[in-house]
Amino acid sequence: LKQSPRCWNEKFNFHLEKLGFQRSQHDYCLYTKFSKDSTMFLLLYVDDLLITGNKESEIESLKKQLSKIFEMSDCGELKHYLGIKIEYDREKGFMKLSQEANITKILHKFGMTDCNEARSPMEKGLQLINNENEPTKNSYRELLGSLMYIMLCVRPDICYAIGYMGRFQQNPGEIHWTTLRRILRYIKGTKDLKLIFNRNSEERAIIGYADADWASSLHDRKSTSGYVFFIFGCPILWSSKKQATVATSSSEAEYVAVSHARS
């Protein structure tokens with residue numbers, strides 16, 4: 001039934017709210033519960049749950065309560081979630097996120113297992129134009145979507161390249177296909193890179209950076225905004241996106257980029 005996912009989500013939300021959780025207004029998949037001496041977070045993706053908090057007894061109690069309502073299986077301590085590998089060391093206080101297995105799978109799927117590695121995701125100063133001919137018969141959108149998922153989860157270093165190549169998915173040509181595969185060759189050589197989150201009290205609690213180029217698009221002369229935010233020196237949020245309006249100066253492009261980051 002088309003409405004079954006919505007019905008499931010509404011039912012799950014109803015029971016979680018009864019248990020004292022609040023749904024985030026910024027991300028409906030995130031639930032939080034705060035009490036005097038404990039904090040719990042719950043992430044929902046379809047029917048996969050991720051539960052974390054500062055008191056193990058509270059987590060165990062929540063799992064027992066949910067098991068009485070839903071048929072569930074406990075996978076134990078978190079090692080993988082949605083294709084992301086999680087490694088952590090409680091004594092040293094760090095956690096690492098990576099998608100090496102997923103990258104290997106994508107390389108095999110697109111016949112790039114034995115390809116040469118690239119040292120950067122894109123050529124410096126690359127400017128592509130829209131393809132006016134018939135689109136090439138390849139899996140451009142499929143590869144773009146696969147790379148986009150990796151970028152969103154653990155790879156801010158390919159954020160700009162993926163956003164740029166996404167502009168040509170309507171009618172990609174051979175040059176666009178070759179450039180997109182260069183990103184795949186780049187992540188092959190860097191597939192062991194990881195996002196590292198640690199307890200670094202020397203860093204500022206939260207800091208963000210925003211920037212923009214000016215009139216970089218050859219098609220409509222629009223600028224591109226970009227931002228990245230850190231918590232205690234660890235990247236948590238990043239974006240690269242073409243601006244919706246044409247900026248008449250570099251200063252205006254910068255103001256739009258800051259506004260994009262604030263939102």
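Start by selecting I59, L62, K63 and L66, which are the buried residues of α2; buried here means under 20% relative accessible area, exposed over 50%, and partly exposed in between, with a 1.4 Å probe and protein chains only. Viewed down the axis of α2, these buried residues fall within an arc of 100°, so they line one face of the helix, the arc being that of the directions from the helix axis to the C-beta atoms. An α-helix has 3.6 residues a turn, so residues three or four places apart point the same way.

Before moving on, note that this is a predicted model, in which local features need pLDDT of at least 70 and side-chain atom pairs count only at pLDDT 80 or more, while totals for chains, interfaces and linings use all residues. Residues are numbered from 1 along each chain as its sequence is written, and side-chain values use heavy atoms, with hydrogens and water left out.

**Around helix α2**

Now extend the selection to residues 56–69, the 14 residues of helix α2, which at 1.5 Å a residue should span 20 Å, in agreement with the 21 Å between its end C-alpha atoms. The expected span is 1.5 Å times one less than the number of residues, and helices (H or I, at least four residues) and strands (E, at least two) are DSSP runs, numbered from the N terminus. Turn to the other side of α2 and K64 and K68 are exposed. To see what covers the buried residues of α2, show α1 (4–18), β3 (39–45) and β4 (48–53), which are included in that cover; contact means heavy atoms within 4.5 Å.

**Salt bridges**

Next, select K63 again together with D74, whose side chains meet in a salt bridge with an N to O distance of 2.8 Å; a salt bridge is a side-chain nitrogen of Lys or Arg within 4 Å of a carboxyl oxygen of Asp or Glu. Because D74 lies in the loop between α2 and β5 and K63 in helix α2, the pair ties together parts that are eleven residues apart in sequence. D74 counts as exposed at 54% relative accessibility, whereas K63 counts as buried at 19%.

Move on to E77, which is partly exposed with a relative accessible area of 42%, and whose side chain meets that of K79 in a salt bridge (3.7 Å, N to O). E77 also forms a salt bridge with R90, the closest N and O atoms being 3.0 Å apart. R90 lies in the loop between β6 and β7 (94–98) and E77 in the loop between α2 and β5, so this pair ties together parts that are 13 residues apart in sequence. At 60% relative accessibility, R90 counts as exposed. Salt bridges that share partners also join E60, K63 and D74 into one network.

**The sheet**

Then show the open sheet of four strands, which has the order β5-β6-β7-β8 with antiparallel pairing. Its edge strands are β5 (80–81) and β8 (195–198), each of which pairs on one side only; two strands pair if DSSP finds at least two bridges between them. Two bridges join β5 to the antiparallel strand β6 (residues 84–89), and the bridge partner of H80 in β6 is K85.

**Cysteines**

Finish at C29, which is partly exposed with a relative accessible area of 33%. Its sulfur is 13 Å from the closest cysteine sulfur, in C153, which is too far for a bond, a disulfide being a pair of cysteine sulfur atoms within 2.5 Å. A search of the whole structure finds zero disulfides.
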